[in-house]
Amino acid sequence: TDLSDFLSIVGCAKGRHNSEKPPEPVKPEVKTTEKKELPELKPKFQEHIIQAPKPVEAVKRPSPDEPMTNLELKISASPKQAPDKLKLSSGNEEDKKRLGTDEIKIGISCKNGGCSKTYRGLESLEEVCVYHSGVPIFHEGMKYWSCCRRKTSDFNTFLTQEGCTTGKHMWAKKDAGENVVPCRHDWHQTEGEVTISVYAKNSLPELSRVEVHSTLLNVHSGFEGEKEFHQNVKLWDVTDVKRIYVTMTATKIEITIRKAEPMQWASLELPAAKQQQKQKDNTTD
């Protein structure tokens, strides 16, 4: 590896000294009779061209004010739910007790939002009530119900909006939060789906609903007679609303959510700090 050592190596042949440099050997001349095409000059092995996949664009988190979708409940038939349906049909008897009288007074208005019907007698107990299941929202001069979000700036138009939900009339107003109870719920995920289980036994389909948009989930369940469960979840990432399914059994409500982008969520719900950052990013954009 050392040049000085190389120059001092003793020769391996003997002969007379020579004052002239010996001529270099002549290289044989290569003659080509025909011009080869470029493909023929390529090496004779099969080439495999590997193309890198295009980078996946991150799904932008939409505005939390987008319309909610009321999901259809797929009900698994169970004999345990039959007695509770009887309790639902006798719910007007509970209304009578709340009023503190033996009879509901003629002329009392239905307490469901958006329903203008009044009690006229026993036939009113069998009437179908068309009402708004959500709450009224007044924001930046616009007025609408959270369940169907038909926005208007005119207050009279807002009051006359036809309901989006059907059920029984409520002749007595329940005390706010009187029957709301905590309920055990859990979730698990795969790369493409999230499954949420709410363990509300003997849930009543008539008193239960699940509303979603791509980043928000609202669960309301009436179960075991008079109990109620409410849960609002700001989801960790964007979902595919068209591929969200709800199954109701005697022991639980199961919600299967399809992720808009296959990935592992760090949590079911977006933390408050990250929510603020997302809002800031959207404002900057």
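Biologist: Is Phe158 buried or exposed?
Modeller: Buried: this is a predicted model, and in it Phe158 has 3% relative accessibility, under the 20% cut-off, so it counts as buried.

Biologist: And what about Phe155, buried, exposed or in between?
Modeller: Phe155 is partly exposed, with a relative accessible area of 41%.

Biologist: Where do Phe155 and Phe158 sit?
Modeller: Both are in helix H5, which covers residues 155-159. They are three residues apart, about one turn of the helix.

Biologist: What kind of aromatic pair do Phe155 and Phe158 form?
Modeller: A tilted one, with 6.1 Å from centre to centre and 35 degrees between the planes.

Biologist: How many aromatic pairs does the structure hold?
Modeller: Three. One of them is Tyr119 with Trp171, where the ring centres are 5.4 Å apart and the planes are at 70 degrees; that angle is over 60, so the pair is edge-to-face.

Biologist: Why does the Tyr119 and Trp171 pair tie together parts that are apart in sequence?
Modeller: Because Tyr119 is in the loop between helix H4 (91-99) and strand S3 (129-131), while Trp171 is in the loop between strand S6 (165-167) and strand S7 (185-189). Those parts are 52 residues apart in sequence. Both Tyr119 and Trp171 are buried.

Biologist: Switching to charges over rings. Which ring does Lys151 sit over?
Modeller: The ring of Tyr144, with the charged end of Lys151 4.9 Å from the ring centre. Arg184 also lies over a ring face, that of Tyr199, at 4.0 Å from the ring centre.

Biologist: OK, the core. Which residues touch the most other members of the largest nonpolar core?
Modeller: Val210, Leu217, Ile255 and Ile257, out of 25 residues in that core. The elements giving two or more residues to it are strands S8 (193-198), S9 (209-213), S10 (216-223), S11 (227-234), S12 (239-248) and S13 (253-259).

Biologist: How do the strands pair up? What is the order in the open sheet of four strands?
Modeller: S1-S9-S10-S11, with antiparallel pairing. Strand S1 (69-70) and S11 are the edge strands, each pairing on one side only. S10 and S11 pair over eight bridges, and Ser221 stands opposite Phe229 in S11.

Biologist: How many of the six residues of S8 are buried?
Modeller: Five, so S8 is mostly covered.

Biologist: And which strands does S8 pair with?
Modeller: S7 is one of them: five bridges join S7 to S8, running antiparallel, and a hairpin of three residues connects S7 to S8. Trp187 has Ile196 in S8 as its bridge partner. S8 also pairs with S13, again in the antiparallel sense, over six bridges. There, Val194 stands opposite Ile257 in S13.

Biologist: Loops next. Where is Thr215, and is it buried or exposed?
Modeller: Thr215 is in the loop between S9 and S10. Its relative accessibility is 5%, so Thr215 counts as buried. Beyond neighbours within four places in sequence, Thr215 contacts Arg61, Pro62, Val233, Lys234, Leu235, Asp237 and Val238.

Biologist: And Ile75, which strand is that in?
Modeller: Strand S2, residues 73-75. Ile75 is partly exposed, at a relative accessible area of 41%. The C-alpha atoms of Ile75 and Leu204 are separated by 9.9 Å, and the two residues are 129 apart along the chain.

Biologist: Last thing, confidence. What does the pLDDT average over the protein chain?
Modeller: The average is 76, and 72% of the residues score at least 70.

Biologist: Where does pLDDT stay under 50?
Modeller: Residues 79-93 are one such stretch, and the model has 21 contacts for them beyond four places in sequence. Residues 95-102 are also below 50, with 15 contacts beyond near neighbours in sequence.

Notes
Residues numbered from 1 in each chain as written. Predicted model: local features only at pLDDT ≥ 70, side-chain atom pairs only at ≥ 80, totals over all residues. Heavy atoms only, no water. Core = buried A, V, L, I, M, F, W, Y, C linked by side-chain atoms within 4.5 Å. Buried < 20%, exposed > 50% of the residue type's maximum accessible area, 1.4 Å probe, protein only. pLDDT = per-residue confidence, 0-100. Contact = heavy atoms within 4.5 Å. Phe/Tyr/Trp six-rings, centres within 6.5 Å; stacked < 30°, edge-to-face > 60°. Lys NZ or Arg CZ within 6 Å of the ring centre and 35° of its normal. Pairing = 2+ DSSP bridges.
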